[in-house]
Amino acid sequence: MKKEALSVRTIVSIGIGAAVFVILGRFASIPTGIPNSNIEVTYPFLALMAVVFGPVAGGLIGLIGHALKDLIMYGSVWWSWVFVSFLVGILFGLGGKRIDVASGEFGRKQIIAFNVTQVVAQAIGWFLVAPVLDILIYAEPANKVFVQGLTVGITDMVTVGVLGTLLLALYAKTRTKKGSLDVEQ
């Protein structure tokens, strides 16, 4: 079997997506009051990119964007959380295959499917994977990392639920609906 290389379109989307992830993470984060836990608009953007460009792009945008953001903001990379951004990006992209916003459809059924996917993906990532990796890699106290994970998970679920849904709905409106005549006059 022949392995398929990444398309130029996907590679460009990863580069641009990672850059926007860094910019949003640096300049559009709102502190929650819990140390190192912010309300982020990076994840609604990651959801849009992953749904549109697929799980490989979503995972790499999350991985590269989060790692660069950490380096710029903190001087080092917090790999447990970077891995969760990678995982969540992949899961958003896999869920996006069921939604197919490129067809111009993003109605109630697709909105529900998207939000169930994003809630499950983020619950796995922030409620379980991030805290466990923080304990295993960095020997962080369990009570601290589970509070951080819960805070970040809930705020990301809400921001992706609201802003991610809005971004995908707006994107779907720019696509030609399946079965419609695309006639230019």
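Residues are numbered from 1 along each chain as its sequence is written, and side-chain values use heavy atoms, with hydrogens and water left out. Because the model is predicted, local features need pLDDT of at least 70 and side-chain atom pairs count only at pLDDT 80 or more, while totals for chains, interfaces and linings use all residues.

**View A. The largest pocket and its lining.**
The largest pocket holds about 340 Å³ of space, where a pocket is an open set of points on a 1 Å grid over the protein atoms alone at which a 1.4 Å probe fits, with protein on both sides within 12 Å along at least five of seven lines. Its volume is the space filled by probe spheres set on the points, which are joined across faces, edges and corners. Lining residues, meaning those with an atom within 4 Å of a point, number 20 here, and N36, D70, Y74, W78 and W81 lie nearest the centre. Helix 3 (55-74), helix 5 (108-138) and helix 6 (142-173) are the elements that give two or more residues to this lining, helices being DSSP runs of H or I with at least four residues, numbered from the N terminus. By class, the lining has 7 nonpolar, 6 polar and 7 charged residues, with Ala, Val, Leu, Ile, Met, Phe, Trp, Tyr, Cys and Pro counted as nonpolar, Asp, Glu, Lys and Arg as charged, and the others, Gly among them, as polar.

**View B. The second largest pocket.**
About 230 Å³ of space lies in the second largest pocket, and of its 13 lining residues V51, V52, F53, G54 and K97 are the closest to the centre. Helix 2 (42-53) and helix 4 (79-99) each supply at least two residues of the lining, which divides into 7 nonpolar, 3 polar and 3 charged residues.

**View C. Helix 2 against helix 3.**
The two helices pack at an angle of about 150 degrees with their axes 6 Å apart, the axes being lines fitted to C-alpha atoms over the stretch in contact and the angles running from 0 to 180 degrees between N-to-C directions. Helix 2 is therefore roughly antiparallel to helix 3, a term used for angles over 145 degrees. Y43, L46, M49, A50 and F53 of helix 2 make the contact with P55, A57, G58, I61, G62 and H66 of helix 3, contact meaning heavy atoms within 4.5 Å. This contact has 8 nonpolar, 3 polar and no charged residues.

**View D. Helix 3 against helix 4.**
Here the angle is about 155 degrees and the axes lie 7 Å apart, so helix 3 and helix 4 are roughly antiparallel to each other. From helix 3, P55, G58, G59, L60, G62, L63, H66, A67 and D70 meet W79, W81, V82, S85, F86, G89, I90, G93, L94 and K97 of helix 4. The contact comprises 10 nonpolar, 7 polar and 2 charged residues.

**View E. Helix 4 against helix 5.**
Helix 4 and helix 5 pack at about 160 degrees, with their axes 9 Å apart, which means that helix 4 is roughly antiparallel to helix 5. The residues of their contact divide into 19 nonpolar, 7 polar and 2 charged.

Definitions and conventions. Angles under 35 degrees count as roughly parallel, over 145 as roughly antiparallel, 65 to 115 as roughly perpendicular and the rest as oblique.
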